[in-house]
Amino acid sequence: MDLWKGRVALVTGASVGIGAAIAKELVRHGMKVVGCARDVEKIQKLAAECQTSGYSGVLVPFKCDLNNEEEILSMFSAIKSQHQGVDVCINNAGLAHPEPLLNGKTSAWKNMLDVNVLALSICTREAYQSMKERNVDDGHIININSICGHRVLANADTHVYTATKFAVTALTEGLRQELREAKTHIRATAISPGLVETDFGFRLYSQIPEKVAAAYRQIKCLDATDIANAVIYALSAPPHVQIGDIQLQPVERNL
């Protein structure tokens with residue numbers, strides 16, 4: 001990770017769960033991390049924890065609603081003026097609503113598409129443009145995908161969410177092809193975890209939290225730090241190595 005010391009990473013959805021774990025680990029390795037979310041107070045608390053722990057990097061909290069393109073563009077403009085630009089972009093933010101295809105709410109479907117697909121694409125575009133205008137040829141764009149981006153589970157509540165994650169799989173491969181055509185050495189990676197014990201499940205099934213708690217108790221789930229470690233692995237690969245997709249599953253639950 002010596003390559004990345006002092007350089008700038010953007011982590012979306014950095015307030016809790018996987019995003020917070022990734023931001024913390026990047027700061028530990030000496031990066032300047034812009035962590036964005038709507039709930040910026042949680043990121044401020046995490047930044048203070050990183051400082052107290054004596055990590056060599058710094059976490060910069062930034063309030064941003066990824067449903068709003070203008071806020072995303074303003075964030076990238078602020079990063080440019082305050083930190084020169086983005087060298088690593090971690091598209092982590094994502095959400096799910098239990099709204100089946102046959103009777104779900106359109107507003108919930110749109111929310112998933114806006115955050116999981118459109119915001120990811122906008123951040124990818126802006127990160128690449130930031131790298132290009134500064135002649136950064138060793139940048140990295142990492143999409144936090146899901147095992148649902150590779151297979152359709154027999155759960156109607158997650159079918160539209162799954163469609164957004166299949167889109168992430170396609171977008172990551174499309175990005176890799178476009179980067180190659182642009183004759184750049186900027187790399188693109190997707191990380192696709194299975195069941196991770198975070199508050200994601202509790203937000204998905206907020207009306208029946210006991211169902212989520214029971215699922216988490218059944219097996220030894222992945223932890224958010226497992227995903228953060230996968231990010232470090234991808235970033236640490238030699239410059240000539242392209243890590244396309246890392247799939248992680250709990251040993252006891254191979255979906």
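Which residues line the largest cavity? The legends below take up this question and then turn to the surrounding sheet. The model is predicted: local features require pLDDT of at least 70 and side-chain atom pairs count only at pLDDT 80 or more, whereas totals for chains, interfaces and linings use all residues. Residues are numbered from 1 along each chain as its sequence is written, and side-chain values use heavy atoms, with hydrogens and water left out.

**View 1. The largest cavity and its lining.** The lining consists of Thr12, Leu66, Asn91, Asn92, Ala93, Val115, Ala119, Leu120 and Cys123. A cavity is a set of points, on a 1 Å grid over the protein atoms alone, where a 1.4 Å probe fits but cannot get out; lining residues have an atom within 4 Å of a point. Helices (H or I, at least four residues) and strands (E, at least two) are DSSP runs, numbered from the N terminus. The lining comprises 6 nonpolar, 3 polar and no charged residues, where Ala, Val, Leu, Ile, Met, Phe, Trp, Tyr, Cys and Pro count as nonpolar, Asp, Glu, Lys and Arg as charged, and the others, Gly among them, as polar.

**View 2. The open sheet.** Seen in order, S3-S2-S1-S4-S5-S6-S7 form an open sheet of 7 strands with parallel pairing; two strands pair if DSSP finds at least two bridges between them. Strand S3 (58-63) and strand S7 (245-248) are the edge strands, each pairing on one side only. Neighbouring strands are turned by 15° against each other on average, direction ignored. Axes are lines fitted to C-alpha atoms, for helices over the stretch in contact, and angles run from 0 to 180 degrees between N-to-C directions.

**View 3. Strand S4 and its partners.** S4 (residues 88-91) pairs with S5 (residues 140-144) in the parallel sense over 4 bridges, and 3 bridges join S4 to S1, also in parallel. Val88 stands opposite His140 in S5, and Ala9 stands opposite Val88. Ile90 faces Ile142 in S5. In a regular strand the side chains alternate between the two faces of the sheet. In S4, Val88 and Ile90 on one side and Cys89 and Asn91 on the other are all buried, that is, under 20% relative accessible area with a 1.4 Å probe, protein chains only.

**View 4. Helices across the sheet.** H4 lies across strand S1 (8-12), S4 and S5, at about 180° to S4. Helix H5 (residues 159-181) lies across S5 and strand S6 (187-193), at about 160° to S6. Contact means heavy atoms within 4.5 Å.

Definitions and conventions:
1 Å grid on protein atoms, 1.4 Å probe; cavity = no way out; pocket = protein on both sides within 12 Å on 5 of 7 lines; lining within 4 Å. Buried < 20%, exposed > 50% of the residue type's maximum accessible area, 1.4 Å probe, protein only.
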